Amino acid sequence: MKTVPLKSDTRQRLYSLDVLRGFDMFWITGGEYIAVILAQMTGWVWLGSQMDHVKWNGFHFYDLIFPLFMFISGVAIPFAIESKLEKSVPQKKLVRKALVRFLILVFLGIMYNGALQHGFSNARYASVLGQIGFGYFFATLIIIYTRSQRNRLFWLAGILIFVSLMQLLYPVPGIGSGVLTPEGCVNGYFDRLFLPGKLYRDVFDPEGLLCNISAIGITLMGTFAGNILRKKQEGDWKKITKLAITGTALIIIGLVASIWYPVIKSAWTTTFNLLAGGISFLLIALFFMVVDHWKVRKWTFYFRVIGLNSIFVYLFTRIVNVEPISRFFTGWLAKLFSEQAGQLIVGFGGLAIIWGVLYFLYKKEVFVRI
């Protein structure tokens, strides 16, 4: 883990990529809480329902947060890796760096799960950060050792097909094949059999073994988007069109296939990968068009400050509970209004505290990179 100065960073990064990453992280730093309170105040039940994961089958907006982050990390790979390969940086050096990143993220994920607080005897080893590291590492290996875009597409198709075949055809002992329930899916069977430590939901883990393999897929999808954006010989509108067409096609394929192969985020079904990947393609196309092509950037600063320190803010919101801090400063004002309006004030106060910390790091040019 290290900090890097802003100047050396921005020359190699898409402005829109940091903004989209910040938009994505905004929801888990307090944006989701604000939306839920607003839904309660306005009666917009649909808005509140979108701010929570589906129980099993289906798709809500909040189910997009994690895969979108993995997609974004994939978009960055061509900018970080391809450029170094073109400068003849040794492949082993790039692999070693990606491996170190993977191991650090796995360690931080175990810490995030509370191993220091509850002990390692029955710790949960699967984690969001670990899955991000896993997807990034293996996607990076594919990019380093597979130079052809066509062969990379074969890798992506192979991963998605492999996961589909396992989930639909592998016979789970005592249950059978294709039983896509928490107790019956092959994900849970493999987790119970091979994954050490505690499982998040007892019978399976949403960041378990097969989920990790599946998640390589959406990270690889991001690398294709990154390669489109990196092509200097193509105009912006051609890039935007390619991204939009790809995203739309993936969404259609995912929705059609979901008729017999459900979209299940917790099991990372291939249909979920296709749907989330398709939406991610559309979002990067939209943000690239607005932020980098049209250069409409005044509204982006808030999100960019978050996006430049995404891993830090993810860990910060886990370790530091800002709600009582916000209530300490805004409680008097909250009491002047209704209970829901007061909760909204405290929620905005929490967002301000988190963003204030990130802005301080931004001004000091401290950006945590792994």
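A residue is buried if its relative accessible area is under 20%, exposed if over 50%, and partly exposed in between (1.4 Å probe, protein chains only). This is a predicted model, where local features need pLDDT of at least 70, side-chain atom pairs count only at pLDDT 80 or more, and totals for chains, interfaces and linings use all residues. Residues are numbered from 1 along each chain as its sequence is written, and side-chain values use heavy atoms, with hydrogens and water left out.

Start with Thr-223. Its relative accessibility is 1%, so Thr-223 counts as buried. Thr-223 sits in helix H11, residues 209–230 (helices are DSSP runs of H or I, at least four residues, numbered from the N terminus). A polar atom of its side chain lies 2.5 Å from the backbone oxygen of Leu-220. Beyond neighbours within four places in sequence, Thr-223 is in contact (heavy atoms within 4.5 Å) with Gly-74, Val-75, Ile-77, Pro-78 and Ile-143.

Next, the aromatic rings. Rings of Phe, Tyr and Trp (its six-membered ring) pair if their centres lie within 6.5 Å; planes under 30 degrees apart count as stacked, over 60 as edge-to-face and the rest as tilted. The count comes to 35 aromatic pairs. Take Phe-102 and Phe-137: their ring centres are 5.6 Å apart and their planes at 10 degrees, so this pair is stacked. The pair links distant parts of the chain, 35 residues apart: Phe-102 belongs to helix H6 (residues 91–112) and Phe-137 to helix H8 (residues 128–145). Both Phe-102 and Phe-137 are buried.

Now turn to Trp-299. Trp-299 lies in the loop between helix H13 (270–293) and helix H14 (301–307). At 37% relative accessibility, Trp-299 counts as partly exposed.

Key. Helix = DSSP H or I, 4+ residues; strand = E, 2+ residues; numbered from the N terminus. Polar contact = N/O pair within 3.5 Å; in protein donor to acceptor, adjacent residues only side chain to side chain.
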